[in-house]
Amino acid sequence: MATLQLRDIRKSFASVEVIKGINLEIGDREFVVFVGPSGCGKSTLLRMIAGLEEITSGDLMIDGKRINRVGPADRGLAMVFQSYALYPHMTVRQNMAFALRLAGVSKAERDRKVDEAARILQLEPYLERRPKDLSGGQRQRVAIGRAIVRQPKVFLFDEPLSNLDAALRGQMRIELLRLHEELKATMIYVTHDQVEAMTMADKIVVLRAGVVEQVGTPLELYHHPANLFVAGFIGSPRMNLMPARVVKSSGTGISVALPSGPEILVPVEGAGTASGDAVTLGIRPEGLRIEPSGAIAGTVALVERLGGLTLLHVTIEGGEPVTVQIEGSDATKARDQIRLAVDPAACHLFDKAGQALPQRARHPLAA
Amino acid sequence: MRETPMQRLLSFILGWGTALLLFFPIAWMVLTSFKSERDATSPNLFFTPSLDSYHEVFARADYLSFALNSVVISVGGTVVALLFAIPAAYAMAFHPTRRTRGTLLWMLSTKMLPPVGVLVPIYLLFRTAGLLDTRSGLVAIYALMNLPIVVWMLFTFYKEVPNEILEAGRMDGAKTAGEVWFLLLPLTLPGVASTGLLSLILCWNEAFWSLNLTSAGAAPLTAFIASFSSPEGLFFAKLSAASTMAVAPILVFGWFSQRQLVQGLTFGAVK
């Protein structure tokens, strides 16, 4: 059982404010991912929750108790570091039992808990080895094991997979999710990798420059990004963003015109917009498809064939580059002249300040 | 990069040249200690070796009590210096402030002051405190004398330890003492050991303070050597015998710990 509340949390280093007033509720057993570009403050925020970094102002509550002034050891949290931070002079068993040893737990009890964690993480054959004799993936699992044996209220992960190769990363993602199921614990996970965020999170917190840009489920963020930053950050390949002008606003949405002429009807609420307003049109790459009668003409600049997917990098009339994602292997070649049709449901409009105009219909999975 | 034969020859000559140059005075001292007083000043390499000088030295002074003083004072000074330096270096390495660099430099700068500059005040302090010719007095002065170097060395060893390992310890429930005892010290053991060894050697060989602050009771081996240099003019054979006996323990000690010393002093450099 553990819930966290962050109330107007701020952090300054000397005179520079790096965390600028964060409010957040984290529910029991939730898997929350902090995501954002490097330097956005996500790791600092995690370290403040851990107690490794002082909180300049604001309240940090665990289960309703303010713990700003409680030391890291007494917060009941466990952390997995990016570098694993295993104790090099101790065996895997000693690494995992260290916290229990400090807490004065008996040897028999320690061994029982370490064996249990080793079983969950399939580390049993390595218990007497030292960290330097383990592979990256095994070290990672020891670091997680060290957290598990303490049965903490909350698990904190600081980019735990970024030192692993791609294949192992995919595998560890699944293991972490399985672990979350099995341990039924609250987890906070920091990453700059939006694939990790999308696949693992119950709730994603998108941060930029010390400010929360949006909080929501992965599909909420994907289908209803609150602003240009989230729209550009979540989703791979990136959402196509291009300047447009409002033509007219009607009951079914807003018609916008691209600089090269084509008009697109986007199903968003139009209150507050007038014709002629400059807006940004966002179209997900899978919302564009090749169609001889399509509204937008363009030239294929580059084709990336991923086998199951084909990515076309197209320069449309007016010079804007867009990415088109097509299911399966497609025969289109570079320098082909094509026309693109737009799926209105995959379109987003952002006002001059970068804020999204609300969609008329919520995506069924992002209610 | 492969060495050419010429470079190999050059480094061979340089290496052996330096080694012999450094070794020669010691070898000469040992050689002289086995000569008779009459042969002692001649550069003659062929002589009848005798233990006469050693017998005389033993007869005239209580070697063992000087040696015991040396051991107690060197070990004591080193232990006290480490006791202060370990927490100090920990604080500076892992919780630095704006002034940490300056503090380190300031500490080192005290080593640039000639000790004789503070002889009178320290002598007066010792006299007032009743520390003259006491082992505890020398332990204190040796600890203080080596503190800057010990702190500086430990600081560089600690700097090699990733902060995240200590933070992981903190998350695991270690308080500051636990961090230092369970994590930092085991991880930097080669470094701490070589720092201790260096401090021991510096203490053992220290002469200025021991000559000025002791007379008989707490005098270490450096004072023992000095006692053979003055009163009746120079007797080189006896002086050499006394010196040989004074440096022998630390030479043997250094020989056995050289692997540890070199390992510690190059710790991090080869990482």
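Predicted model: local features only at pLDDT ≥ 70, side-chain atom pairs only at ≥ 80, totals over all residues.
**Cores**

I began with the nonpolar cores. The largest one holds 63 residues. I looked up which of them have the most contacts inside it, and got Phe34(A), Leu156(A) and Tyr158(B). Helix 3 of chain B, residues 63-94, supplies the largest share of this core, with nine residues.

Then I picked Leu156(A) and listed its neighbours, leaving out residues up to four places away in sequence. In chain A it touches Leu46(A), Ile49(A), Ala50(A), Leu77(A), Ala78(A), Met79(A), Val80(A) and Ile188(A). From chain B I found Met171(B) on the list. I also noted another core of 47 residues, lying apart from the largest one. Among its members are Ala117(A), Val142(A), Ala143(A) and Met172(A).

**Largest pocket**

Next came the pockets. For the largest I wrote down a volume of about 560 Å³. I counted 18 lining residues, and those nearest the centre are Phe23(B), Ile26(B), Ile250(B), Leu251(B) and Trp255(B).

Which elements give two or more residues to this lining? I have helix 1 (5-33), helix 9 (189-205), helix 12 (236-256) and helix 13 (258-265), of chain B. Helix 12 of chain B gives the largest share, seven residues. Sorted by class, the lining came out as 14 nonpolar and four polar residues, with no charged ones.

**Second largest pocket**

The second largest pocket has a volume of about 450 Å³. Its lining has 15 residues, and I noted Thr110(B), Lys111(B), Val118(B), Leu144(B) and Met145(B) as the closest to the centre. Helix 4 (100-109) and helix 6 (135-159) of chain B are the elements giving two or more residues here. Helix 6 of chain B has the largest share, at five residues. My class tally for this lining reads 12 nonpolar, one polar and two charged.

**Contact between the chains**

Last, I checked how chain A and chain B meet. How many residues does each chain bring to the contact? I got 25 from chain A and 15 from chain B. Interface size is often given as the accessible area lost when the parts come together. For this pair I have about 1700 Å² buried, with carbon and sulfur atoms giving 64% of it. On the chain B side, the residues losing the most area to chain A are Glu164(B), Met171(B) and Asp172(B). Together they make up 42% of what that side buries. Met171(B) had already turned up in my notes, as a residue touched by Leu156(A).

Note on methods
Residues numbered from 1 in each chain as written. Chains lettered and ligands numbered in written order. Heavy atoms only, no water. Core = buried A, V, L, I, M, F, W, Y, C linked by side-chain atoms within 4.5 Å. Buried < 20%, exposed > 50% of the residue type's maximum accessible area, 1.4 Å probe, protein only. Helix = DSSP H or I, 4+ residues; strand = E, 2+ residues; numbered from the N terminus. Contact = heavy atoms within 4.5 Å. 1 Å grid on protein atoms, 1.4 Å probe; cavity = no way out; pocket = protein on both sides within 12 Å on 5 of 7 lines; lining within 4 Å. Points joined across faces, edges and corners; volume = space filled by probe spheres on them. Nonpolar A, V, L, I, M, F, W, Y, C, P; charged D, E, K, R; others polar. Buried area = accessible area lost by both parts, 1.4 Å probe.
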